[in-house]
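Subject: Structure for you to look at

Hello,

Please read them with the model open.

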Amino acid sequence: ALPKYGVVGFCWGGATVFAHAALGPDVMASVVYYGTSPDSTLIGRVHAPVLGLYGADDARVDVTIAPADAALKARGLTYDHFLFDGAGHGFLRDQAGRNGANLAATQQAWPKTIGWFRLYLEK
């Protein structure tokens, strides 16, 4: 049997993890922290469920969420994504920033990450 594994990435690593959901044949779950979604040529190859965790104040990254959501949902794939109010890009590494919004985002995002992997890797 193939090993079950999941991947998580942050910023550039988040974009890489999203791409790995398309290119990594054995990945069972991906968690993207504030990484951009793959372009239209790669999004059609995504096969693993993806959890996206984003700061609501991150326009460069957030603009890629809706096209990915539409493309994946059209194929019946799971892409759950959350925007955390007031949080910015890199909220996990800058938890003291943005008047508590980054910390609040972290406190919500990390349990979602653990839950995602439990859901898809402990089947």
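What radius of gyration would a compact globule with 123 residues have, and what does the protein have? The globule figure is near 14 Å, and the protein has 14 Å, which agrees. The radius is taken over C-alpha atoms, and the globule rule is 2.2 Å times the number of residues to the power 0.38.

Two points on method. This is a predicted model, where local features need pLDDT of at least 70 and side-chain atom pairs count only at pLDDT 80 or more, while totals for chains, interfaces and linings use all residues. Residues are numbered from 1 along each chain as its sequence is written, and side-chain values use heavy atoms, with hydrogens and water left out.

Overall picture

The protein has five helices and four strands. Their order along the sequence is β-α-β-α-β-α-α-β-α. Helices (H or I, at least four residues) and strands (E, at least two) are DSSP runs, numbered from the N terminus. Along the principal axes, the C-alpha atoms fill a box of roughly 45 × 30 × 20 Å.

Of the 123 residues, 46% are buried. Buried means under 20% relative accessible area, exposed means over 50%, and partly exposed is in between (1.4 Å probe, protein chains only). Now the contacts, meaning heavy atoms within 4.5 Å. Among those with a separation of 6 or more, 56% join residues 24 or more positions apart.

Helix α4

Helix α4 covers residues 65–74, with Ile65, Ala68, Asp69 and Leu72 buried. Seen down the axis of α4, these buried residues fall within an arc of 100°, so they line one face of the helix. The arc is that of the directions from the helix axis to the C-beta atoms. An α-helix has 3.6 residues a turn, so residues three or four places apart point the same way.

What do the buried residues of α4 pack against? Their partners are α1 (12–23), α2 (40–43), β3 (50–57), α3 (59–62) and β4 (79–88). On the other side of α4, Ala66, Pro67 and Ala74 are exposed. Gly76 follows α4 and has a positive phi, near 75°.

Leu42 sits in helix α2. Leu42 is buried, at 18% relative accessibility. Leaving aside neighbours within four places in sequence, Leu42 contacts Ala19, Ala22 and Leu23. Gly90 is 48 residues from Leu42 in sequence and 24 Å away, C-alpha to C-alpha.

His47 is in the loop between α2 and β3. At 35% relative accessibility, His47 is partly exposed. Not counting residues up to four places away in sequence, His47 touches Ala21, Ala22, Gly24, Pro25, Val27 and Leu77. His47 and Met28 are 19 residues apart in sequence, with 8.5 Å between their C-alpha atoms.

Pro49 is also in the loop between α2 and β3. Is Pro49 buried or exposed? Pro49 counts as buried, at 13% relative accessibility. Its contacts, not counting residues up to four places away in sequence, are Met28, Ala29, Ser30, Thr78, Trp116 and Tyr120. The C-alpha atoms of Pro49 and Ile65 are separated by 15 Å.

From β4 into α5

Arg98 lies in the loop between β4 and α5 (101–121). Arg98 is not a glycine, yet its phi is positive, about 60°. Arg98 is partly exposed, with a relative accessible area of 40%.

Asn99 is placed in the loop between β4 and α5. Phi of Asn99 is positive too, near 50°. Asn99 is exposed, at 84% relative accessible area.

Thr106 is in helix α5. Thr106 counts as buried, at 9% relative accessibility. Neighbours within four places in sequence aside, Thr106 contacts Phe91, Leu92, Gln95 and Pro111.

Best wishes
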